[in-house]
Amino acid sequence: MIKNIIITLAVCWWIIPLTKAQQFDPDSLFSEAREMAFTDRWEESRELCRHLLAHYPEYIDAAIMIARTYAWEHKSDSARIITQQIYAANSKNYELLDLIVDIERWEQKFPLALEQINKAMTVFPDNEHFTYKKAWIQYLMGDYDAAIATLTELFKINPNHRQGQEIRSRIKESATPNQTR
């Protein structure tokens, strides 16, 4: 009997530390994956995010990071597949909506980027970041009148928005004498 207790205690003495070693802090792991991604170690970041998702499937930021690294690597189709899967269950996730817009903008699919930013702004109306991005996309499309109107909205949110002021200056510089802006 005592022999069985000693064996049980010995086994527990080895198993408990191993179990604790297998546990990890998902936020720390994600922070590490972000650092990898921001230093262009995209594949390593994706691998770490996949590991994180295997243990915490609801950790949506890890899935978004995987998609973002694909987008940074100019693998937009892979990024879109992932964002579409995430969007089905998380259509109001700020980071996801921001990435969806970025993918289209980086691919210079400006009409689609504008469509996506308008969807994002239905979820986050009067959002400074999205309002700025909308003005920037309109500017890139050459729709200066729409960009000016959006910048007017942006300056209501933040009158000192530096990047918005830069867009306004660019538009004014590119205006012909017959155009009033």
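User: What is pLDDT, and what does the protein chain average?

Analyst: pLDDT is the predictor's confidence in each residue, from 0 to 100. This is a predicted model. The protein chain averages a pLDDT of 88. At least 70 is reached by 84% of the residues.

User: Where does pLDDT stay under 50?

Analyst: Start with the general idea. Where pLDDT is low, the predicted coordinates should not be read in detail. Here, residues 7-12 stay under 50. For that stretch the model has one contact beyond four places in sequence. Residues 14-21 also have a pLDDT below 50. Beyond near neighbours in sequence, the model gives residues 14-21 one contact.

User: How many helices and strands does the protein chain have?

Analyst: Count ten helices and zero strands. Read from the N terminus on, the elements run α-α-α-α-α-α-α-α-α-α.

User: What share of the protein chain counts as buried?

Analyst: Buried means under 20% relative accessible area. Of the 181 residues, 38% count as buried.

User: How do I check the length of helix 4?

Analyst: Compare its expected span with the distance between its end C-alpha atoms. Helix 4 covers residues 60-72. At 1.5 Å a residue, its 13 residues should span 18 Å. The end C-alpha atoms are 18 Å apart, which agrees.

User: Is helix 4 mostly covered or mostly exposed?

Analyst: Mostly covered: ten of its 13 residues are buried. Among them are I64, M65, I66 and R68. The buried residues of helix 4 pack against helix 2, helix 3, helix 5 and helix 6. Look just after helix 4 too. There H74 takes a positive phi of about 65 degrees.

User: How many residues of helix 6 are buried?

Analyst: Ten of its 13 residues are buried, so helix 6 is mostly covered. The buried ones include L96, L99, I100 and I103. Charged side chains can be on such a list as well; D102, E104 and R105 are buried here. The packing partners are helix 4, helix 5, helix 7 and helix 8. As for length, helix 6 reaches 18 Å from its first C-alpha to its last, close to the 18 Å expected at 1.5 Å a residue.

User: Why does D98 count as buried?

Analyst: Check its relative accessibility against the cut-off. Buried means under 20%. D98 has 9% relative accessibility, so D98 counts as buried. D98 lies in helix 6. Leaving out residues up to four places away in sequence, D98 touches R68, H129, F130 and K133. D98 and I117 are 19 residues apart along the chain, and their C-alpha atoms are separated by 7.9 Å.

User: At what angle do the axes of helix 6 and helix 8 cross?

Analyst: At roughly 10 degrees, and the axes come within 12 Å. Angles under 35 degrees count as roughly parallel. Helix 6 and helix 8 are therefore roughly parallel to each other.

User: Which residues meet where helix 6 contacts helix 8?

Analyst: First, the general idea. An α-helix has 3.6 residues a turn, so residues three or four places apart point the same way. Now the case here. From helix 6 come Y94, L97, D98, V101, D102 and R105. They meet H129, F130, K133, W136, I137 and L140 in helix 8. By class, this contact has seven nonpolar, one polar and four charged residues.

Note on methods
Residues numbered from 1 in each chain as written. Predicted model: local features only at pLDDT ≥ 70, side-chain atom pairs only at ≥ 80, totals over all residues. Heavy atoms only, no water. Axes fitted to C-alpha atoms, helices over the stretch in contact; angles between N-to-C directions. Helix = DSSP H or I, 4+ residues; strand = E, 2+ residues; numbered from the N terminus. Parallel < 35°, antiparallel > 145°, perpendicular 65-115°, else oblique. Contact = heavy atoms within 4.5 Å. Expected span 1.5 Å × (residues − 1). Buried < 20%, exposed > 50% of the residue type's maximum accessible area, 1.4 Å probe, protein only.
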